[in-house]
Amino acid sequence: MELNQLNFHHLFYFWRVAKLGHLTRAAEELHTSQSAVSAQIRQLEERLGESLFAREGRRLLLTDTGQLVLAYADNIFGLGQEMLGRLQGRSAGVTRLRVGSVATMSRNYQENWIRPALADPALVLTLESGLLEGLLARLVQHQLDVVLANETVPADPGRPLHCRFLGSQSISLVGPASQWASRSLRIPEDLDGADIALPGPRHALRAQFDALCATAGVVPRLRAEVDDMAMLRLIARDSGWLTVLPEVVVQDELQSGLLVVVGHSTALQERFYAITTPHRHRIDMLEALLARGPSEQ
């Protein structure tokens, strides 16, 4: 099928039905009959050679192809609306970049990664966090443009994804400057019985740390385990305990002198990845962010 064979009138009818989720309401909005709308969508499906909707009782559900076509239709008609708004003085015309990140990732790392985008006045950022599987489902449905994660995604022929390595960082042991200034500890040898706060069991670092301690026969006194890095940062700042985390999480507290690095471990590494779909909609800023080398993060 060539582009000049694509009927955008049919595509618009599909878009309105998909957005409203109801054939009758779409027909009312379009000031036409339900049968006319159905006929337009059938002709689009015939042109594309794929079904766009599946019926479940009285409900219309998008197929996988329907999800993909909807994502592109959103861009096509969304840009059309922006163009009309700009011509009529109602909109400056913007590009939207939708970024998902796993909940266990450092917010400081995420901000460092997207910082170049913050200077682009024509860009609107949508930032979401959640569990990796939920974010990947939204990515595959083209509801997100990229997912930031601290673990790789297993190869799956049924769900092709691109996983780009962004960089890594070693993990540090931090503590309050009032107690630990000019002192240092070995990880994990000097942590037996020490009060400590750790990333939660779902964090990629936790299994690494537990394995190190088990190998060395060291048993720290666990005081808190926290999945959310923003909360772990507060614990590190206010608890008085030692905390194992990437330095980027507490970069502001280290710079201000509230916290100090008590020890490093090159055996513990957090790795960062950007996950995209092979057929993503091209966004210049996203391509620029993905093209940056690990040393530029």
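## Terms and model

Buried means under 20% relative accessible area, exposed over 50%, and partly exposed in between, using a 1.4 Å probe and protein chains only. The model here is predicted, so local features need pLDDT of at least 70 and side-chain atom pairs count only at pLDDT 80 or more, while totals for chains, interfaces and linings use all residues. Residues are numbered from 1 along each chain as its sequence is written, and side-chain values use heavy atoms, with hydrogens and water left out.

Let's start with strand E5, residues 146-149; helices (H or I, at least four residues) and strands (E, at least two) are DSSP runs numbered from the N terminus. In a regular strand the side chains alternate between the two faces of the sheet. Both faces of E5 are covered: Val146 and Leu148 are buried on one side, Val147 and Ala149 on the other.

Two strands pair if DSSP finds at least two bridges between them. E5 pairs in the parallel sense with strand E3 (residues 95-102) over three bridges, and Val146 is the bridge partner of Val99. With strand E10 (residues 259-276), E5 runs antiparallel, joined by three bridges; here Leu148 stands opposite Ala274.

## Backbone points worth a look

Most residues other than glycine have a negative phi, and most peptide bonds are trans. His31 has a positive phi of about 55° and lies in the loop between helix H2 (23-29) and helix H3 (34-48). His31 is exposed, with a relative accessible area of 75%.

His142 also has a positive phi, about 65°, in the loop between helix H6 (132-140) and E5, but His142 is buried at 14% relative accessible area. Finally, the peptide bond from Ile187 to Pro188 is cis, with omega near 5°; Pro188 is found in the loop between helix H7 (177-180) and strand E7 (195-199).
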